[in-house]
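Please open the structure in your viewer and keep the selection tool at hand. The stops below say what to select next and what is there.

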Amino acid sequence: GKGTLLQEAVYGWKYIMARPGLTALMLLFAISNFTTEMTVVLFTPLILSFASTAQLGLAMSLSASGFLAGGILMSIWGGPKRRVRVVIIFMILLGLFSALIGLRASVSLIIICGFLATLCVPIISSSNQVIWQKKVAADVQGRVFAIRRTILLATPLLTYVVAGPLSDRVFEPLMAVNGPLAGSLGQILGTGAGRGIGLLFIAMGLLLVLITAASCLFPHLRRVEDELPDAVASQP
């Protein structure tokens, strides 16, 4: 802790890279941040494409109450010993519920799926945080967590850049009344304003499901709690 800011940052980066399980966990959360932030950014235009501002407010408040419910659940439950399994299972559920939000132009469906999606977030985040706090030495957590946080906060910035162009120039035209997908996916999801955003929700949710499921094939991630000992002192 006596080096320059750059030296401390490099140390934090090398610490994570030297532990493949933590590296994979960080990358998985970076991808999750990108996909879920896409739904957050487009949540308002999705609902306003077919509903009123009053219904938007209702949907936002009831959907967000899942965060509170998830926090209460974790405070009571405490989580299992195998927390990486919880991360993977609930991240898959998060992707599925996010995808279902875009399935229909229905406020009720959005509220239910939005609540269930946000319910998963505190469970995922708290389980992930416990893994990092147990596996990273206390005297270097500041350096390591700062790098991890930087990576995780960088992905939403990319979301803000691409969300608008993706929805307005790609997905919305695809799902227009006479768009290229009107005769195929349009028969299932509907066509017109907001249906392209709905398709984008489905794409982001399924992408998260596929990437999370594929991450199970990486043994260092699956065994991160076994491969790394609980850290009680600084490690090189």
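Begin with the aromatic rings, where two aromatic pairs are counted, a pair being two rings of Phe, Tyr or Trp (its six-membered ring) with centres within 6.5 Å, called stacked if the planes are under 30 degrees apart, edge-to-face if over 60 and tilted for the rest. Select Tyr11 and Tyr15: their ring centres are 6.2 Å apart and their planes stand at 40 degrees, so this pair is tilted. The model is a predicted one, in which local features need pLDDT of at least 70 and side-chain atom pairs count only at pLDDT 80 or more, while totals for chains, interfaces and linings use all residues. Residues are numbered from 1 along each chain as its sequence is written, and side-chain values use heavy atoms, with hydrogens and water left out.

Both tyrosines belong to helix 1 (residues 5-17), where they are four residues apart and so separated by about one helical turn; helices here are DSSP runs of H or I with at least four residues, numbered from the N terminus. Tyr15 is buried at 2% relative accessibility, whereas Tyr11 is partly exposed with a relative accessible area of 25%, where buried means under 20%, exposed over 50% and partly exposed in between (1.4 Å probe, protein chains only).

Next, select Trp132 and Phe145, which form an edge-to-face aromatic pair with 6.4 Å from centre to centre and 80 degrees between the planes. Trp132 is in helix 5 (residues 107-135) and Phe145 in helix 6 (residues 141-174), 13 residues apart, and the pair links distant parts of the chain. Trp132 is buried, with a relative accessible area of 1%, and Phe145 is buried too, with 15%.

Which ring faces does Arg148 lie over? Arg148 lies over the face of Trp132, at 4.8 Å from the ring centre, and its charged end also sits over the ring of Phe145, 4.8 Å from that centre; a charge sits over a ring if NZ of Lys or CZ of Arg is within 6 Å of the ring centre and within 35 degrees of the ring normal.

Now turn to charged partners. Side chains of opposite charge can pair when their charged atoms come close. The count comes to four salt bridges, each being a side-chain nitrogen of Lys or Arg within 4 Å of a carboxyl oxygen of Asp or Glu.

Select Glu8 and Arg143, whose side chains meet in a salt bridge at 3.4 Å, N to O. Glu8 is in helix 1 and Arg143 in helix 6, 135 residues apart, and the pair links distant parts of the chain. Glu8 is buried, with a relative accessible area of 16%, and Arg143 is likewise buried, with 18%.

Move on to Lys135 and Asp230, where the closest N and O atoms of the salt bridge are 2.8 Å apart. Lys135 lies in helix 5 and Asp230 in the segment after helix 10 (224-227), so the pair ties together parts that are 95 residues apart in sequence.

One more salt bridge to select is that of Arg223 with Glu227, the closest N and O atoms being 3.6 Å apart. Arg223 is partly exposed at 38% relative accessible area, and Glu227 is partly exposed at 34%.

The last stop is the largest pocket, with a volume of about 770 Å³. On a 1 Å grid over the protein atoms alone, a pocket is an open set of points where a 1.4 Å probe fits, with protein on both sides within 12 Å along at least five of seven lines, and lining residues have an atom within 4 Å of a point. Grid points are joined across faces, edges and corners, and the volume is the space filled by probe spheres set on the points.

Of the 30 residues that line the largest pocket, select the closest to its centre: Thr36, Glu37, Val40, Phe67 and Val121. Phe67, found in helix 3, is partly exposed, with a relative accessible area of 39%.

Note on methods
Helices (H or I, at least four residues) and strands (E, at least two) are DSSP runs, numbered from the N terminus.
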